[in-house]
Amino acid sequence: MMLLIFMRLPGLLVLLLISGNAFSAEENSSARAARMPEVRSVLDVPYVANATERQKLDLYLPAAGGPPRPLIIWLHGGGWHAGDRKYFPDLDLVNHGYVLAGVDYRWSKDAPFPAQIQDCKAAIRWLRAHAKEYGIDPQRIGVWGRSAGGHLACLLGTSGGTKEFDVGENLDQPSTVQCVVDWFGPTSFVDLADSRKENDRGRPILTELMGFPIASNLAKAGAASAITYVSKASAPTLIIHGADDPLVPIRQSQLFYDALKQAGVPTTLVVVPGAKHGGNEFGTPERMAQIEAFLGSHLHP
C-alpha cells in the first residue's frame, strides 16, 4: 500500500508517496502573494468561535478593491489527517476576477467525520456572512479540492439541499456552492468498502476518518459519500482524475460522473492518461486552462 507522508523543509511542504513517486512542492501561497502587489492577503482568520488551529482560513483579494467578485475556495488533500491551506494551486486567479480562500478543516485524528464537512460548511457560511467586508459576491461561490479535499468539495456540491452537516454559527447563511472542481477525490465509500474493488488501499485512512471500518457500517459510510446526495440540484462539477491512480481508483470518479449525468447535472470527467495520485500532469497550462474556463462559465455572468 502507498502511504502519504508530509515532510517540512525550510519554506516548503513536500508530499511524498512511499513508492518513490513525489508531487512537486509548491511555494507557500502567502509568500508568493507577498511578492504580488496586485494581491492583498488576509491570513489566519478563524471562521468559528473558539477556533482550533485547523479552523482557520486565508483570503487573497485584489489590492485595488472593486465590485463584489466570485469566490473560489481551496480544500487541501492529505488523507483527512494532514495537509495545509497555505498552498493554493493558482493565485493568478485573483487577476482573473476572483477572491480566493484557502480553508483548513479538523483532521481525523482530532475529530472523526462529519467534523470535516461541518467545518467546510461553517467556513462557507462565515464567508457569506462577511461577504461585503471582503468584496465577495455571495451568490457566486465555487470550491476546488484535491484528494481528501476533493471528497469534501464533491460533498459540498451535492449536499447543499440538506441541513444535516450545518451546525454552529451563521446558520442564516446557506452553505451551498455554485460549482465544484474535483481533483481525484473519493466519492463513494460504500464502493470502496468492497475489498474486491478497493484491494485494501486507503482502508486505514478511511477507518481513522469514520471511526470504524467502513465495511462494518455501510449506512454511515454512505452518509459520508458525495454520491449519496446527488440530485438535479447538485452543483455543476469538473472532475479530473489520473488513469493510473493507485490510491483513489478512477472508478470513483466514473461512478460519480455517471450519477451526476443521470441526474441532469452539468458535469465533465477528464481522465489524465498515465497520471497517478497527483503530480505535475495536473498543473499543466492545459489543465489549468480547463479549470479556469469551467470556473468562468459558472461564476462569471
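Which residues touch the most other members of the largest nonpolar core? I looked up Leu57, Leu59, Ile73, Leu75, Leu127 and Phe189; they do, in a core of 57 residues. I took a nonpolar core as a set of buried Ala, Val, Leu, Ile, Met, Phe, Trp, Tyr and Cys residues joined through side-chain atoms within 4.5 Å. Buried means under 20% relative accessible area, exposed over 50%, partly exposed in between (1.4 Å probe, protein chains only).

Ground rules. The model is predicted, so local features need pLDDT of at least 70 and side-chain atom pairs pLDDT 80 or more, while totals for chains, interfaces and linings use all residues. Residues are numbered from 1 along each chain as its sequence is written, and side-chain values use heavy atoms, without hydrogens and water.

Entry: Helices (H or I, at least four residues) and strands (E, at least two) are DSSP runs, numbered from the N terminus. I then checked Leu127. Leaving out residues up to four places away in sequence, Leu127 touches Leu57, Leu59, Leu71, Ile73, Ala101 and Ile136. Contact here means heavy atoms within 4.5 Å. I also found a second, separate core of 28 residues, with Ile72, Trp74, Trp183 and Phe184 among them.

Entry: strand 6. All 5 of the 5 residues of strand 6 (residues 99–103) are buried, so this strand is largely enclosed by the rest of the structure. Val99, Ala101 and Val103 lie on one side, Leu100 and Gly102 on the other. I looked at its neighbours next. Strand 4 (residues 56–62) runs antiparallel to strand 6, joined by 4 bridges. Leu57 has Val103 as its bridge partner there. Strand 5 pairs with strand 6 in the parallel sense over 5 bridges. Trp74 is partnered by Gly102. Pairing requires at least two DSSP bridges between the strands.

Entry: helix 4. I counted 11 of the 11 residues of helix 4 (residues 148–158) as buried, so it is largely enclosed by the rest of the structure. Its cover includes strand 5 (69–75), helix 2 (115–129), strand 7 (136–146) and helix 9 (250–262).

The axes of helix 2 and helix 4 come within 10 Å and cross at roughly 65 degrees. Axes are lines fitted to C-alpha atoms, for helices over the stretch in contact; angles run from 0 to 180 degrees between N-to-C directions. Gln116, Ile117, Cys120, Lys121 and Ile124 of helix 2 meet Leu152, Leu155 and Leu156 of helix 4.
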